[in-house]
Amino acid sequence: MSRTVRGARVLITGAANGMGRLYAERAVAEGAASVVLWDRDAAALARAVKELGDASQGRTRIHSYVIDLADLGAIAQTAQRVRTEVGNPDVLINNAGIVRGNQFFWQSDNGEDTRQTIQVNTLAPMYVTREFLPGMMADAYRAARIVNVASAAGTLSNPQMSVYAASKAALIGWSDSLRLELEREDHGNVRVTTVCPSYISTGMFEGARGPLLTPILTPEYVVDRVWRAMLAGKPQLLLPWSVGLSRALRGVLPVRAWDAVAEVFGVYRSMAGFSGRR
């Protein structure tokens, strides 16, 4: 799997639109045996199945499952359907995510945004991975990949996105710990890649402004970089390069010194104009 997913089974969450759809197109283009799409948008899923099916011309089987990942109880049921109807995936891309912002924490509503953000961004990838990981581990001679799409927001604090930052920080910690656990127990066929991009022009962060030296990324660029990192089994991908610099500076500078740097670079003002989408 170092060069292609040809012949593999690929499952993508949040796959009906945006970057999830781009991952699916990449899998079809490389000749995956099966591409499994999970999303809560039934109409968009139906369109994706038709268009991806037309593009594959029968070479790749396209499967879709309507699921709201905020409903954690539905994950096990849907995963069982996938194992029965398709088989255990070789590649799992935990792409689905939501963002709520433009408010200070105490101004948020009755907790619904907080609950859904943690469920979709943090708990759902854990639940989904737990369903399929045993099957990936079972065949030590078959390469498997797990991609967990986190965020640069999980590497540093930022006003007006406290819950989102917390959800992604938790995802980063879990994802990299899972990588280490698999390595320690000699399950080297399963590689975990943790992805931490800055703002991407998908509409999810509409109105947000990239800090100095941190341009808004295009979905196509991010998907290409993630795909190559996934195939190579790279442990972590930070995009763009300034995300790594910010993390390093935050690690070595005193808190107040980092606050001053972040203000100069516009990190703490990046969500001031956020409108986003729901």
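Student: How many residues has the largest nonpolar core, and which have the most contacts inside it?
Tutor: This is a predicted model. Its largest nonpolar core has 35 residues. Those with the most contacts inside that core are Val5, Ile12, Tyr23, Val35, Leu37 and Trp227.

Student: Which helices and strands each supply at least two residues of this core?
Tutor: The helices are α1 (18-29), α2 (42-56) and α6 (219-232). The strands are β1 (9-13), β2 (34-39), β4 (91-94), β5 (144-149) and β7 (236-239).

Student: And where does the largest share come from?
Tutor: From α6, with seven residues.

Student: Back to Val35. What does Val35 touch?
Tutor: Leaving out residues up to four places away in sequence, Val35 touches Val10, Ile12, Ala24, Ala27, Val28, Thr60, Arg61, Ile62 and His63.

Student: What's in the second core?
Tutor: That one is separate and has 33 residues. Among them are Val36, Ala124, Trp174 and Val243.

Student: Zooming out, how many helices and strands are in the chain?
Tutor: Eight helices and seven strands. The radius of gyration is 18 Å, close to the 19 Å that the globule rule gives for 278 residues, so the chain is as compact as a globular protein of that length.

Student: How much of the chain is buried?
Tutor: Buried residues make up 50% of the 278.

Student: Last one, charges. How far apart are the mean positions of the positive and negative ones?
Tutor: They are 4 Å apart, for 31 positive and 25 negative charges.

How values were computed. Residues numbered from 1 in each chain as written. Predicted model: local features only at pLDDT ≥ 70, side-chain atom pairs only at ≥ 80, totals over all residues. Heavy atoms only, no water. Core = buried A, V, L, I, M, F, W, Y, C linked by side-chain atoms within 4.5 Å. Buried < 20%, exposed > 50% of the residue type's maximum accessible area, 1.4 Å probe, protein only. Helix = DSSP H or I, 4+ residues; strand = E, 2+ residues; numbered from the N terminus. Contact = heavy atoms within 4.5 Å. Rg over C-alpha atoms; globule rule 2.2 N^0.38 Å. Lys, Arg positive; Asp, Glu negative; His and termini not counted. Charge placed at Lys NZ, Arg CZ, Asp CG, Glu CD.
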